[in-house]
Amino acid sequence: MTVLRKNLIDGEWLGEAGSRNINPSNTNDVVGEYASAGPEEAKQAIAAAKTAFPAWSRSGPLTRHAVLKKTSDEIMARKDEIGRSLAREEGKTLAEGVGETIRAAQLFDFFAGETLRLSGEMVPSVRPGVGVEMTREGVGVVGIITPWNFPIAIPAWKIAPALAYGNTIVFKPAELVPESAWTIVDILHRAGLPKGVLNLVMGKGSVVGQAMLDSPDVNAISFTGSVGTGKRVAAASVEHMRKFQLEMGGKNPLVVLDDADLAVAVDCAVNGAYFSTGQRCTASSRLIVTEAIHDRFVDAIKERLDKLVIGDALDAKTQIGPVVDQTQLKQDEDYIAIGRQEGAELAFGGDRLERGAPGFYLQPALFVGSTNAMRISREEIFGPVANVIRVKDYDEALAVANDTPFGLTSGICTTSLKHATHFKRNSEAGMVMVNLPTAGVDFHVPFGGRKGSSYGPREQGRYAMEFYTTVKTAYTFAG
Ligand code: ADP
């Protein structure tokens with residue numbers, strides 16, 4: 001028996017069954033049924049958020065702190081159950097699902113604390129007797145549009161600061177992972193949010209998402225997803241003169257130098273390129289390796305890939321779960337074919353795998369002999385596919401690493417302080433890792449990239465304030 005999960009609009013759960021949520025590890029398993037909102041519901045949700053804004057934006061820090069803290073506590077107490085359900089709908093492993101759920105709890109805890117640390121500045125005016133105050137206020141109605149690859153962490157890192165700084169929300173999660181989105185909204189609703197402060201509108205991007213983009217009453221949009229949709233968000237937001245923040249793709253380089261600790265480099269590459277089935281915008285998809293370590297590195301990766309357990313996400317032994325759905329699987333396979341046509345050598349994997357139940361299982365794929373000009377080096381694949389680019393030395397490695405339209409994360413494996421320091425300074429990415437995987441970040445520091453990867457202020461940590469608030473400068477002459 002599946003339960004129908006409804007949308008939350010102005011404090012009421014509404015809607016009829018519209019879409020089914022399928023487990024990618026076993027397509028016979030239906031996770032649940034979900035309401036699918038249309039443009040009318042999106043409009044109602046936006047209107048409710050607009051009405052709720054004045055009171056919520058003036059609520060005291062203790063009110064907001066209480067809701068966020070209670071939410072964090074409930075997510076943490078239910079981490080195993082929520083993490084399992086996340087793994088069931090998205091296909092990442094149980095450990096990754098529980099880890100991501102804990103991350104969501106940490107994010108709510110962090111922003112609960114931020115409500116008590118709000119501050120402003122006061123300075124003397126250039127005019128004697130006049131005081132100047134600089135304060136921050138909520139922006140208004142924030143539209144939150146999220147992708148499927150982090151079903152609970154990405155909604156958490158947008159919803160928590162939006163609420164902490166006094167905004168009201170219309171939240172549209174990705175259609176593939178509505179259960180995690182619904183769960184987080186249910187917890188926040190029961191934690192005591194006034195009606196209309198947080199509205200959930202599950203449904204199609206082209207319908208519900210587009211209705212949000214087209215509304216003059218949405219004052220800011222925080223979006224994570226593809227470059228194509230990000231550009232639509234940008235164009236529509238300029239039209240309405242609203243704030244917008246975009247997190248999009250990556251083609252993240254991991255540089256491995258001759259002097260690297262081989263075991264560290266292999267750990268970084270396997271984790272960064274293949275864990276979470278390679279479905280992370282921070283995944284290492286280009287492995288840029290200098291000549292003297294190249295063959296040892298490739299052999300060691302192949303050996304490691306051969307031992308990885310690929311299977312049902314809910315099996316505790318699984319290290320890599322299935323691809324999220326048929327469309328993504330086809331995209332991964334298409335890129336594997338493109339890589340071969342372009343002349344790269346498929347050194348490992350790339351075949352579909354049969355498991356006990358029907359699911360989207362793909363053997364991790366490793367290309368060698370690739371160049372940085374190939375499409376597999378330039379376009380985001382978003383699957384368990386990586387390619388090795390052989391380079392002469394550090395200088396060439398850095399040039400290749402930076403030669404990309406993206407700039408989210410980058411990494412270097414080296415024991416040279418000189419090269420590590422130079423790379424940190426000269427890598428054209430928003431986040432740089434030394435002897436660490438390109439994926440895997442902390443929750444209390446800024447997240448975001450450069451070039452085609454991101455647009456607008458950083459997310460997470462105290463830097464999140466920049467997007468979710470607007471500055472007011474007030475002048476007072478006391479007389
Ligand atoms: P992905 O390839 O990660 O699915 P998308 O950009 O298609 O990336 O999706 C990210 C989010 O954007 C999803 O919630 C999706 O429903 C939403 N979306 C897709 N099209 C639109 C649109 N035209 N307007 C607003 N949101 C959209």
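F382 is placed in the loop between α12 (375-378) and β17 (385-391), where helices (H or I, at least four residues) and strands (E, at least two) are DSSP runs numbered from the N terminus. The model is a predicted one, in which local features need pLDDT of at least 70 and side-chain atom pairs count only at pLDDT 80 or more, whereas totals for chains, interfaces and linings use all residues. Residues are numbered from 1 along each chain as its sequence is written, and side-chain values use heavy atoms, with hydrogens and water left out. Although F382 is not a glycine, its phi is positive, at about 70 degrees. F382 is buried, with a relative accessible area of 16%; buried means under 20% relative accessible area, exposed over 50%, and partly exposed in between (1.4 Å probe, protein chains only).

A positive phi is also found at S276, about 55 degrees, and this residue is not a glycine. S276 belongs to the loop between α9 and β14 (284-290). With a relative accessibility of 8%, S276 counts as buried.

Helix α9 (residues 262-274) and helix α10 (residues 291-307) have axes that come within 10 Å and cross at roughly 55 degrees. Axes are lines fitted to C-alpha atoms, for helices over the stretch in contact, and angles run from 0 to 180 degrees between N-to-C directions. The two helices α9 and α10 are therefore oblique to each other, given that angles under 35 degrees count as roughly parallel, over 145 as roughly antiparallel, 65 to 115 as roughly perpendicular and the rest as oblique. The crossing of α9 past α10 is right-handed; a crossing is left-handed if the near helix is turned anticlockwise from the far one by less than a right angle, and right-handed if clockwise. On the α9 side, L262, A265, V266, D267, A269, V270 and Y274 meet I293, R296, F297, A300, I301, R304 and L305 of α10, contact meaning heavy atoms within 4.5 Å. By class, this contact of α9 with α10 comprises eleven nonpolar, no polar and three charged residues. In this classification Ala, Val, Leu, Ile, Met, Phe, Trp, Tyr, Cys and Pro count as nonpolar, Asp, Glu, Lys and Arg as charged, and the others, Gly among them, as polar.

A further helix pair is formed by α1 (residues 39-57) and α7 (residues 205-213), whose axes come within 9 Å and cross at roughly 40 degrees. These helices, α1 and α7, are therefore oblique to each other, and α1 passes α7 in a right-handed crossing. P39, A42 and I46 of α1 make the contact with V207, V208, A211 and M212 of α7. The contact of α1 with α7 has seven nonpolar residues, with no polar and no charged ones.

The loop between β13 (252-256) and α9 contains L257, which is buried at a relative accessible area of 3%. Not counting residues up to four places away in sequence, L257 touches T290, I293, Y394, I412, C413, T414 and H419. L257 and H419 lie 162 residues apart in sequence, with a C-alpha to C-alpha separation of 9.1 Å. T414 is located in the loop between β18 (409-413) and α14 (417-426) and is buried, with a relative accessible area of 3%. The side chain of T414 makes a polar contact with that of D259 at 2.7 Å; a polar contact is a pair of N or O atoms within 3.5 Å, of which, within protein, one must be able to donate a hydrogen and the other to accept it, and residues adjacent in sequence count only if both atoms are side-chain atoms. Beyond four places in sequence, T414 touches L257, D259, A260, H419, A420 and N435.

Helix α8 (residues 227-239) holds S237, and G230 is also placed in α8. S237 is buried, with a relative accessible area of 0%, and G230 is likewise buried, at 0%. With residues up to four places away in sequence not counted, S237 touches R242 and F244. Leaving aside neighbours within four places in sequence, G230 is in contact with F223, L246 and M248. The C-alpha atoms of G230 and W157, 73 residues apart along the chain, are separated by 18 Å.

G456 lies in the loop between β20 (454-455) and α15 (465-468) and is partly exposed, with a relative accessible area of 39%.
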